[in-house]
Amino acid sequence: MFSFLYAFICCPLSLNLLDQVGASTITTRLSLPMLDDGICASATWNRNGITVAGGNGKGLAMDNKGSLYVSDNEKYCVTTGEQVVAGGNGQGSAFNQFWNPDHIFVDNDQSVFVVDFSNDRVMKWSIGSKEGIVVAGGNGWGNGTNQLSAPTSVVVDHMGTVYVADRNNHRVMRWLKDSKSGSVIIGGQGWGNRTTQLRTPRDLAFDRQGNLYVADAENYRIQMFTIDKSSCAKGTCQKDAIN
């Protein structure tokens, strides 16, 4: 499967939410929109772009109302339209600040989860709040289960579980809601190219069955890790768990 995928991937950086796909169709589904999203598979786009946001954008997300959110790496904030919804108080490590905000995720309540790259943490800003709370990391750089090292991506499910691509630790971490530490669910065995290893993971995505896809940047591949629902307590593994 991946020998065919390599022809299209130089250094994979970003993934979108995917539907369940078979091995024979993964390349098509990564490169073409889903057939039920109103975009035909042969659609083309106007080559002249329209500027919809300025600043030094590092991450993008869209909420369920169609609002676009942008992380600004120069103003240390996240904006939607002209409104600052997180940060904007200069560079720093206080709860109302960021240091290199990166990828962002917006849940169904319009809470914004921000990868605070150089603070080695993920912050959650509820709608209307003046400061965020740490939901992953925030205990300095390191490889402990309560630490992150240069995180790059975050996904949150509807139970509030936070999944983080922990780049320099070559692993994916899971932090349950309100937990003070996380657990390693993928990687964490040093950098390498074995099927159990990652090398600087950059982004995450789940399909609707809960299978996990990882942009394994310096291995030049997308890795799929199938979910084992037998490990779940009855009623805790639910379809469409990702917002």
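Me: Where does Thr200 lie, in a loop or in a strand?
Reply: Thr200 is in the loop between strand S12 (183–187) and S13. Helices (H or I, at least four residues) and strands (E, at least two) are DSSP runs, numbered from the N terminus. Just so you know, this is a predicted model, in which local features need pLDDT of at least 70, side-chain atom pairs count only at pLDDT 80 or more, and totals for chains, interfaces and linings use all residues. Residues are numbered from 1 along each chain as its sequence is written, and side-chain values use heavy atoms, with hydrogens and water left out.

Me: Why is Thr200 called buried?
Reply: Buried means under 20% relative accessible area, exposed over 50%, and partly exposed in between (1.4 Å probe, protein chains only). Thr200 has 8%, so it counts as buried.

Me: What does Thr200 touch?
Reply: Leaving out residues up to four places away in sequence, Thr200 touches Arg167, His170, Ala215, Ala217 and Glu218. A contact here means heavy atoms within 4.5 Å. His170 is 30 residues from Thr200 in sequence, yet their C-alpha atoms are 5.2 Å apart in space.

Me: How many helices and strands are there in the chain?
Reply: The chain has two helices and 15 strands. Of its 243 residues, 44% are buried.

Me: Where is confidence lowest, and where is it highest?
Reply: The score to look at is pLDDT, the predictor's confidence in each residue, from 0 to 100. Helix H2 (residues 26–31) is lowest, with a mean of 33, and strand S7 (residues 121–125) is highest, at 98. The pLDDT is below 50 over residues 18–35, a stretch that has 31 contacts in the model beyond near neighbours in sequence. For the chain, the mean is 83, and 79% of residues reach 70 or more.

Me: What makes a group of residues a nonpolar core?
Reply: It's a set of buried Ala, Val, Leu, Ile, Met, Phe, Trp, Tyr and Cys residues joined through side-chain atoms within 4.5 Å. The largest one here has 24 residues, and those with the most contacts inside it are Val122, Val154, Val162, Leu204 and Leu212. Strand S10 gives the largest share, four residues. This core also draws at least three residues from each of domain 1 (38–138) and domain 2 (140–230), with bounds that come from an automatic or database domain assignment.

Me: What does Val122 touch?
Reply: Not counting residues up to four places away in sequence, its contacts include Val114, Ile133, Leu148, Val154 and Val164. Apart from this core lies another, of 13 residues, among them Ala61, Phe98, Val112 and Met123.

Me: How do you know that Asp102 forms a salt bridge with Lys58?
Reply: The rule asks for a side-chain nitrogen of Lys or Arg within 4 Å of a carboxyl oxygen of Asp or Glu. Their closest N and O atoms are 3.4 Å apart, so the pair qualifies. It links distant parts of the chain, with Asp102 in strand S5 (residues 101–106) and Lys58 in strand S1 (residues 57–62), 44 residues apart. Asp102 is buried at 7%, while Lys58 is partly exposed at 42%.

Me: How many salt bridges does the structure hold?
Reply: It holds five. One of them joins Asp116 and Arg121 at 2.7 Å, N to O. Asp116 has a relative accessible area of 0% and Arg121 has 4%, so both are buried. Arg221 and Asp216 form a salt bridge too, with N and O 2.8 Å apart, and both of these residues are buried.

Me: Why is the pair of Phe105 and Phe113 called edge-to-face?
Reply: Rings of Phe, Tyr and Trp (its six-membered ring) pair if their centres lie within 6.5 Å; planes under 30 degrees apart count as stacked, over 60 as edge-to-face and the rest as tilted. Here the centres are 6.5 Å apart and the planes are at 65°, so the pair is edge-to-face. Phe105 is buried at 12%, and Phe113 at 3%. By this rule there are three aromatic pairs.

Me: What is the phi of Tyr76?
Reply: Phi of Tyr76 is near 55°, a positive value in a residue other than glycine. Most residues other than glycine have a negative phi. Tyr76 lies in the loop between strand S2 (68–72) and strand S3 (77–80), and at 19% it counts as buried. Gln110 also has a positive phi, near 65°, and lies in the loop between S5 and S6.
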